[in-house]
Amino acid sequence: MGDTRGGCCPSMDLFRSEPMQLVQLIIPIESAHRTISYLGDLGLLQFKDLNAEKSPFQRTYAAQIKRCGEMARKLNFFKEQMLKAGLPSKSSISQVDINIDDLEVKLGELEAELIEINANSEKLQRSYNELVEYKLVLQKAGDFFGAAQSSAIEQQREFESRRVGGDSIEVPLLLEQESSVDQSKPVNLGFLSGLVPRGKSMAFERILFRATRGNVFLKQAVVEDPVPDPISGEKVEKNVFVVFYSGERAKNKILKICEAFGANRYPFTEDLGKQAQMIAEVSGKLAELKTTIDVGLTHRANLLQTIREHFENWNLLARKEKSIYHILNMLSLDVTKQCLVAEGWGPVFATKQIQEALQRAASDSNSQVGAIFQVLLTTEAPPTYFRTNKFSTAFQEIVDAYGVARYQEANPGVYTIVTFPFLFAVMFGDWGHGICLLLATLYFILREKKLSSQKLGDITEMAFGGRYVILMMSLFSMKAWFQFLPQMIFLNSLFGYLSLLIIVKWCTGSNADLYHVMIYMFLGPTEDLAENQLFPGQKNVQIVLLLLALVAVPWMLLPKPFLLKKQHEQRFQGQSYAPLPSGDDSLELDSHHDSHGHEEFEFSEVFVHQLIHTIEFVLGAVSNTASYLRLWALSLAHSELSSVFYDKVLVLSAGFNNIVILIVGIIVFIFATVGVLLLMETLSAFLHALRLHWVEFQNKFYEGDGYKFLPFSFALLDEDDE
């Protein structure tokens with residue numbers, strides 16, 4: 001499963017998986033890292049874990065993996081920072097000219113510098129936002145006091161005779177409430193100013209009055225534009241407020257309420273001259289901070305740009321290094337603790353390439369001793385490896401989704417290349433809709449190099465991965481009809497014969513009732529066919545086919561139990577050292593022997609098991625064949641839906657002789673065709689074709705109980721690999 005890795009190799013046998021072998025490598029420690037690296041470049045060896053009983057923390061290279069994990073964390077941090085800055089990483093990868101130790105130091109320095117820049121930038125930005133709010137308070141609250149003071153001067157002239165001491169313009173905003181204050185007692189008033197989120201301003205005012213029993217005076221002014229909050233940095237609509245109070249107790253309550261509502265407080269003076277001076281000072285600080293922040297952002301952008309230039313190379317190197325140490329942790333130390341022992345599965349054709357990689361690694365590491373390569377004999381079932389290309393990969397994945405083929409089992413993926421689009425076309429078949437699918441697929445195929453390097457959405461990624469499947473489906477839908485018959489005697493004797501009768505009836509134009517022919521083939525095989533006879537000697541042919549079908553049933557039932565019994569007797573009666581038998585049954589028996597030892601052979605159990613399989617096959621042959629009626633049902637549904645949309649939408653709208661109705665009808669017709677016929681019907685036909693392959697076709701001969709060949713390959717490294 002997967003594309004061929006490495007150099008030239010023998011021609012592919014698509015019907016059977018590649019011959020595999022279990023190999024053992026004895027690698028000197030000084031060249032182990034480079035050896036695994038070269039084997040990762042080759043990508044043709046699946047390593048076995050020889051330390052499965054150990055936890056990840058007990059393994060030899062746990063510290064190195066932790067280092068690589070820390071580098072991956074720093075690289076993820078850089079990636080997040082680049083995305084925030086709108087700098088996606090470059091997809092091009094060049095030759096890496098830095099070793100892992102230097103990279104670790106480099107990443108640490110860059111992370112420390114970037115963290116420091118971010119911290120300073122956040123601190124400066126918070127100070128800037130606070131000064132922006134402070135300036136707004138000075139302006140809005142200054143307007144309060146300026147307007148109130150002007151009003152107070154006018155009122156002071158009118159009520160001069162009633163004023164006592166210097167209480168006239170010290171607190172002009174409260175002058176309107178002076179009539180209710182006892183003038184004989186001194187009043188010490190204070191005030192607090194700041195900003196409160198506008199959404200909380202009403203509740204803020206109510207809580208203030210309730211907490212102080214109305215002994216406060218609150219004034220608010222709306223800030224026209226949202227302002228950045230100093231803490232969160234988000235823009236928030238706010239109001240400037242000034243609240244007057246009397247006494248420390250009231251002040252403490254107001255401070256707690258401001259804190260609870262997220263109201264930022266700022267100092268303020270009543271002196272108009274000082275207010276203007278403070279506004280000028282704040283404006284100057286804002287300009288200085290803006291310049292400093294811009295310089296910091298420029299420096300940060302340059303640093304991120306430098307990281308961006310090398311990010312993909314660094315990320316690939318870190319992931320390669322981590323994967324190498326993961327493999328090294330799967331190897332075992334020999335008794336001398338000078339070599340590492342590895343075991344793994346590899347295709348037979350890759351033997352020379354693996355040996356060359358071992359020799360090159362020993363030479364480049366200046367090792368005095370080369371690695372030892374030897375093939376191990378085993379009864380363990382090997383993994384399954386089909387070499388595929390970009391065309392056949394998607395078809396193979398359709399089969400693998402049902403189950404991975406057992407080692408050397410017949411591969412249904414070869415037939416699926418033809419049968420899957422054929423069955424799809426039977427249900428979907430339409431020239432026009434097939435052209436629409438073809439055009440969409442050609443877009444993916446013609447731009448596959450560009451699209452393969454991009455991150456697509458989930459649905460688009462799925463369609464792009466199956467572009468050649470959709471290509472075949474569209475071509476077959478354009479009336480590319482084929483006829484094929486099953487390989488098995490039982491099926492050919494009954495349903496193969498029915499298919500032949502259908503063809504003869506089409507060719508001769510006969511009025512024979514095929515239902516009657518098939519039913520009385522069983523109920524009355526010797527009766528005269530009369531008007532239902534399609535060709536001379538038909539009765540004799542039917543009798544022969546019926547006898548063959550009946551003979552096929554005991555043929556499926558009886559031989560296998562006796563053959564298995566004979567093999568068992570040969571194995572445990574003095575022939576334990578005979579050469580291992582070949583084939584799927586031998587692997588199955590070896591697996592049975594490994595797990596159960598010299599267990600007695602239960603002939604009755606095997607016979608009953610085979611009887612159940614025979615009954616299932618005979619009944620399934622009938623039910624599964626009937627299941628193919630879905631081809632007719634979905635084909636009819638697609639045809640009828642096409643007619644309904646054409647007659648009831650497009651033709652009907654054209655009959656009104658109204659351009660508006662016609663345009664609406666065309667739009668509805670297009671959306672109905674694309675949404676229902678090209679998307680929903682395509683998906684429906686695809687799923688039914690999938691079911692017919694998995695249930696009605698593959699279960700006749702396909703075990704699918706193998707496991708994939710998953711070689712250690714740098715080309716298969718995923719971004720999410722840990």
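What is the relative accessible area of Ile663? Ile663 has a relative accessible area of 44% and is therefore partly exposed, a class that falls between buried (under 20% relative accessible area) and exposed (over 50%), with a 1.4 Å probe and protein chains only.

## Basis of the model

The structure is a predicted model, in which local features need pLDDT of at least 70 and side-chain atom pairs count only at pLDDT 80 or more, while totals for chains, interfaces and linings use all residues. Residues are numbered from 1 along each chain as its sequence is written, and side-chain values use heavy atoms, with hydrogens and water left out.

## Overall composition

The protein chain contains 21 helices and 11 strands, taken as DSSP runs numbered from the N terminus, with at least four residues (H or I) for a helix and at least two (E) for a strand. Of its 722 residues, 39% count as buried, and its accessible surface, about 41,200 Å², belongs to carbon and sulfur atoms for 59%; such areas come from the Shrake-Rupley method with a 1.4 Å probe. Among contacts (heavy atoms within 4.5 Å) with a separation of 6 or more, 81% are between residues 24 or more positions apart.

## A nonpolar surface patch

Ile663 lies in helix H21, which spans residues 659-697. Together with Ile659, Val660, Val664, Ile667, Val668 and Phe671, Ile663 forms a nonpolar patch on the surface, and the accessible area of these residues together is about 680 Å². Patches are made of residues with over 30% relative accessible area and no salt bridge, like charges being joined within 9 Å and nonpolar side chains (Val, Leu, Ile, Met, Phe, Trp, Tyr) within 5 Å.

## The antiparallel sheet

Strands of a sheet pair through backbone hydrogen bonds, either parallel or antiparallel. Here, an open sheet is built from four strands in the order E4-E7-E3-E8, with antiparallel pairing, where two strands pair if DSSP finds at least two bridges between them. The edges are taken by strand E4 (217-222) and strand E8 (264-266), each of which has a single partner strand, so one side of each is left without a neighbour in the sheet. From one strand to the next, the twist averages 25 degrees. E8 and strand E3 (residues 189-197) are paired in the antiparallel sense over three bridges, and Ser193 has Tyr266, in E8, as its bridge partner.

Helix H4 (residues 201-212) packs on this sheet, where it touches E3, E4 and strand E7 (238-246), and its direction makes about 170 degrees with that of E4; axes are lines fitted to C-alpha atoms, for helices over the stretch in contact, and angles run from 0 to 180 degrees between N-to-C directions. Helix H5 (residues 248-260) lies across E3, E7 and E8 and runs at about 160 degrees to E7.

## Salt bridges

The count of salt bridges comes to 17, each one a side-chain nitrogen of Lys or Arg within 4 Å of a carboxyl oxygen of Asp or Glu. One of them joins the side chains of Glu380 and Lys48 at 3.1 Å, N to O. This pair links parts of the chain 332 residues apart, with Glu380 in the loop between strand E11 (372-376) and helix H8 (393-402) and Lys48 in the loop between strand E2 (46-47) and helix H2 (62-84). Glu380 is partly exposed, at a relative accessible area of 34%, and Lys48 is also partly exposed, at 23%.

In another pair, the closest N and O atoms of Glu111 and Arg73 are 2.8 Å apart. Glu111 counts as buried, at 11% relative accessibility, whereas Arg73 counts as partly exposed, at 37%. Asp705 forms a salt bridge with Arg406, with 2.9 Å between the closest N and O atoms; Asp705 sits in the segment after H21 and Arg406 in the loop between H8 and helix H9 (412-428), 299 residues apart. Asp705 is partly exposed, with a relative accessible area of 47%, while Arg406 counts as buried at 14%. A network of salt bridges also links Arg67, Asp101 and Glu104.

## Surroundings of Val517

Val517 is found in helix H15 (residues 514-523) and is buried, with a relative accessible area of 2%. Leaving aside neighbours within four places in sequence, Val517 is in contact with Leu501, Asn532, Gln538 and Gln542.
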